[in-house]
Amino acid sequence: MKITEIEAQITDLKAQKAKKVTEVRALATAEDSKVEDVQKVLAEVDDFDKQIATSQAELETLQRAQKLPEIEGGNKVKIDPNKKQETAEVRDFMHYLKTGEKRDNGITTTEAGVVIPKEILDIQKVPTDNINLSAVINRVSVTSGMGTLPILQKNTARLTTADERAENPEIANAVLKGVDYKAVTYRGALPLSMEMVQDAPNLKTLLNTYVQEAKQLTEQYQIGLVLQTATAVSATTTDDLKTAYNKGLSNYNRQWIVTESFYNAVDLLKDGNGRYLLQDSIASASGKALFGASVLIVPDDVLGVAGDAKAFVGDPKAFVLEALRSDIAIEWDHNENFEHILAVALRADFKPADTNAGKFITFGATSGK
């Protein structure tokens, strides 16, 4: 297929996707719309996204193939448009994995080992995980291991009246809070047999998946510890939950982060008309909303221990600050078991920022009131 044909195909796909997006909005606002109808159209939108991404990748491959040929040692290099071209850094990295030999022209190192090239970490474009807490907090990349980050506190300033041509009255000063951080190193290791390194055709995917999952799980539990420091609230009735939600958080982007046990307990509650408290919501990661705010469900031990009905309500982006100074590295060691060790490290610190932005609820229902 020619470049012009692919470009026309992409344009057509985008137009079809736009129609579906309009259809989703119409369904979402219609009073008689059904959740399954909305989900069906959303699935069609996702399908168009995948088709567009595939066509875009094909277009980029053809565009690269039409560029001037690269030169190595005075000889022209033939470019296969159907094969993804790898950088010297990636080729040297893969050579190192299989042989243990370092090449000087591409591979990069740290004191801890060999750094995974960015191209390998990006092989699978891992989408933002909406059920992972790192997607809903304030993550700031830092360049030093320790320091102070300024956080703008909740705005309470208001404008005042003034006579014509009078000097402008001052607005109340913005309140900046300095949050001290000190990056802590979190480490993990994955033993791989030499046979796996030599034979696994999806070695790159394995590396990428492991690094991403290890990092996400580490962040998830550390963020959970910070959320537990919010103002403690005990609730035993539906009215208690409503009060915690309604008072003190009105100017924040409120949402619920709840344990599975909390979700199960609230999912069984009904109002005075016999309607369940949790309502369907296409905007929520869990597909449910509580008092109009989205609900994100995490394992019990993220916010406590197994069996705990715990919940954070408020604005997690304002409440939690993650100072991220990530240094992901690997080191392959031969030993008597004929294996290599993949070592992964994350350097970060997790701190409460605006402590007024949330509450931490312990729920023990005594009635369905």
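Residue S55 lies in helix α2, which spans residues 35–65; helices (H or I, at least four residues) and strands (E, at least two) are DSSP runs, numbered from the N terminus. The model is a predicted one, in which local features need pLDDT of at least 70 and side-chain atom pairs count only at pLDDT 80 or more, while totals for chains, interfaces and linings use all residues. Residues are numbered from 1 along each chain as its sequence is written, and side-chain values use heavy atoms, with hydrogens and water left out.

S55 is buried, with a relative accessible area of 6%, where buried denotes under 20% relative accessible area, exposed over 50% and partly exposed in between (1.4 Å probe, protein chains only). When residues up to four places away in sequence are not counted, S55 touches I6, Q9, I10 and L13, contact being defined as heavy atoms within 4.5 Å. The C-alpha atoms of S55 and L13 are 9.5 Å apart in space, although 42 residues separate the two in sequence.

Across the protein, nine helices and 18 strands are assigned. Of its 369 residues, 33% count as buried. Among contacts with a separation of 6 or more, 76% are accounted for by residues 24 or more positions apart.

In soluble globular proteins, nonpolar side chains tend to be buried together. A nonpolar core is here a set of buried Ala, Val, Leu, Ile, Met, Phe, Trp, Tyr and Cys residues joined through side-chain atoms within 4.5 Å. The largest such core has 43 residues, and those with the most contacts inside it are L227, W256, I257 and F262. Strand β13 gives the most to this core, with four residues. A second, separate core of 17 residues includes F93, L97, V114 and L192. Apart from residues up to four places away in sequence, L227 touches L133, I257, L303, F312, F319, V320 and F360.

Helix α7 comprises residues 238–246, of which T238, L241, A244 and Y245 are buried. These residues lie on the same side of α7, because they cover an arc of only 125 degrees around the axis, the arc being that of the directions from the helix axis to the C-beta atoms. The buried residues of α7 pack against β9 (231–235), β10, α8, β13 (293–298), β14 (310–314) and β18 (358–363). The helix is followed by G248, whose phi is positive, near 90 degrees.

Q255 lies in strand β10 and is buried, with a relative accessible area of 14%. Leaving aside neighbours within four places in sequence, Q255 is in contact with V136, A293, S294, L296, F312, V313, G314 and P316.

The structure holds one cavity of 30 Å³ or more. On a 1 Å grid over the protein atoms alone, a cavity is a set of points where a 1.4 Å probe fits but cannot get out, and lining residues have an atom within 4 Å of a point. Grid points are joined across faces, edges and corners, and a volume is the space filled by probe spheres set on the points. The largest cavity has a volume of about 40 Å³ and is lined by W256, V258, F262, Y263, V266, L278, L290 and V295. Both β10 (255–259) and α8 (260–267) supply at least two residues of this lining, and the largest share, three residues, comes from α8. By class, the lining has eight nonpolar, no polar and no charged residues; Ala, Val, Leu, Ile, Met, Phe, Trp, Tyr, Cys and Pro count as nonpolar, Asp, Glu, Lys and Arg as charged, and the others, Gly among them, as polar.

Notes: On a 1 Å grid over the protein atoms alone, a cavity is a set of points where a 1.4 Å probe fits but cannot get out, and a pocket is an open set with protein on both sides within 12 Å along at least five of seven lines; lining residues have an atom within 4 Å of a point.
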